[in-house]
Amino acid sequence: MHTVHTDVIVVGAGPTGLLLAAELALAGVGVRVLERNDAPTSQSRALTLHPRSIEVMDLRGIAGRFLARGHTLPGWHFAGLNTRLDFTALDTRHGYTLFLEQARTEELLDARARELGAEIVRGCQVTAVRQEPDSVVVETARGERLRASYVVGCDGARSIVRQAAGIPFDGTDETLSGMLGDFAVTGPDAAHSAEAHGVLAVPLEDGLTRFVVIDPERMRVPSDRPVTYGEFRQALTNIAGTDFNVAEPHWLSRFGNATRLAGRYRQGRLLVAGDAAHIHFPAAGQGLNTGLQDAMNLGWKLAAQVKGWAPDGLLDSYEAERRPVGAAVTANTEVQTLLLELTLVPQYHRPGMALRGMLDGLLRIGEVNRDLAASVSAIGIHYGDGSPAGARVPDLPISVAERPGVERLYQLLHDGRFLLVHTGSQAGASGRDDRVETVTATAWQPSPDLEEAEALLVRPDGHLAWAGPIEAEQQALLGWTGAAVVAP
């Protein structure tokens, strides 16, 4: 059997796999995406991009593509509490929730990956993954044998890659389920009226409206059981006293609260990301966003490993940085699920509503709201011990001598290189190589914790690698990129 070799195989062409493929291709790595479905999904479970995910797109100069297809709201919810999280108070240019159906997000990421040279193969189910000392062999239902230096499973909760790696996926089984339905016909002002009754209703493309319900009479129904039109209408009536005249259902589905986290994100040459690494109740819409941020963290590190210049431990830092994020997301979604469930179980309804009222009051405190908003939006993620290194770098205003027309920091990160910025009176070397671009700031508005730094090294994912005196920059470059000198 003929064996085809590529640098990296990504299993799964959802948002996580497609963004990862784009990042690898941007770095000049050969990547092939294998997707078992013949065509892109036409149904969208996820509907939102959070501020950090939009920043991720902005870091590569493609945020406008997504903004042009969706619409924005200034905040988001936590467990359906009345007091919303205020994303406008966050230190970001993108202080909002972008409503964009998952199918559109995948469409845009597919186009991005292809334009950078990634190969996306649909209708190709992976049947076996076998790790060898210097490569990974992947077999498909087509009878193909493919070989890669690394394989990344972005293939969901039942990930064949995670199973082949022997990575445990511990957590809790489903105890609660909800239903969603996309309808072509609703009564007048249904969306506003539904929200007043605790039913989430969101306008979609093509005139559809999505309703999301958790009916106390049906919340123990297993999520793999099909939803009927009559059942959905009855659930709306039970909760709101009306079915809002919904008609012509285009999609009905059920979702559950099974919560699991991969014990490891890497086993040798096999890695996992997105739903293959973490699943949870879709509270506050964090799943897709967390997967995109997994991909952004992993892409440049895996590219460095494949190309042979990654410092020791760089690829392992993917798990060290992203698994705690996965753990935090699974924890907060379990909290949100409990807050919802308390109001649905009759004996806990009164204390549950009292607890929700107390939390509403706490969220009206600005500092509390900002802290939780930073967590849910992922703007507050810090990879490190609390020092400046590891912090997310905001899209700060900047002008640089080498790039006329640049007005903000993220414009300097579009090509996925490290960025070394000289900010003090001493100027170091300038120029670029395949790992680092070096510039001198002629105008610069740093955040307070960077005011004293003469130079800063920004990672390709927009987090701070190092900041300090210019005489220490060569050591920082060597530690992060394996190169002590930036070619002029």
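The lining of the largest cavity comprises 5 nonpolar, 3 polar and 4 charged residues. Here Ala, Val, Leu, Ile, Met, Phe, Trp, Tyr, Cys and Pro count as nonpolar, Asp, Glu, Lys and Arg as charged, and the others, Gly among them, as polar. A cavity is a set of points on a 1 Å grid over the protein atoms alone where a 1.4 Å probe fits but cannot get out; lining residues have an atom within 4 Å of a point.

The model is predicted: local features need pLDDT of at least 70, side-chain atom pairs count only at pLDDT 80 or more, and totals for chains, interfaces and linings use all residues. Residues are numbered from 1 along each chain as its sequence is written, and side-chain values use heavy atoms, without hydrogens and water.

The whole structure holds 2 cavities of 30 Å³ or more. The largest has a volume of about 80 Å³, taken as the space filled by probe spheres set on the points, which are joined across faces, edges and corners. Its lining includes R52, R322, R392, D461 and H463. Helix α8 gives the largest share, 3 residues. Helices are DSSP runs (H or I, at least four residues), numbered from the N terminus.

The second largest cavity has a volume of about 30 Å³. L19, E23, V56, M57, R60, I62, R112 and M296 line it. The lining has 5 nonpolar, no polar and 3 charged residues.

Methods. On a 1 Å grid over the protein atoms alone, a cavity is a set of points where a 1.4 Å probe fits but cannot get out, and a pocket is an open set with protein on both sides within 12 Å along at least five of seven lines; lining residues have an atom within 4 Å of a point. Helices (H or I, at least four residues) and strands (E, at least two) are DSSP runs, numbered from the N terminus.
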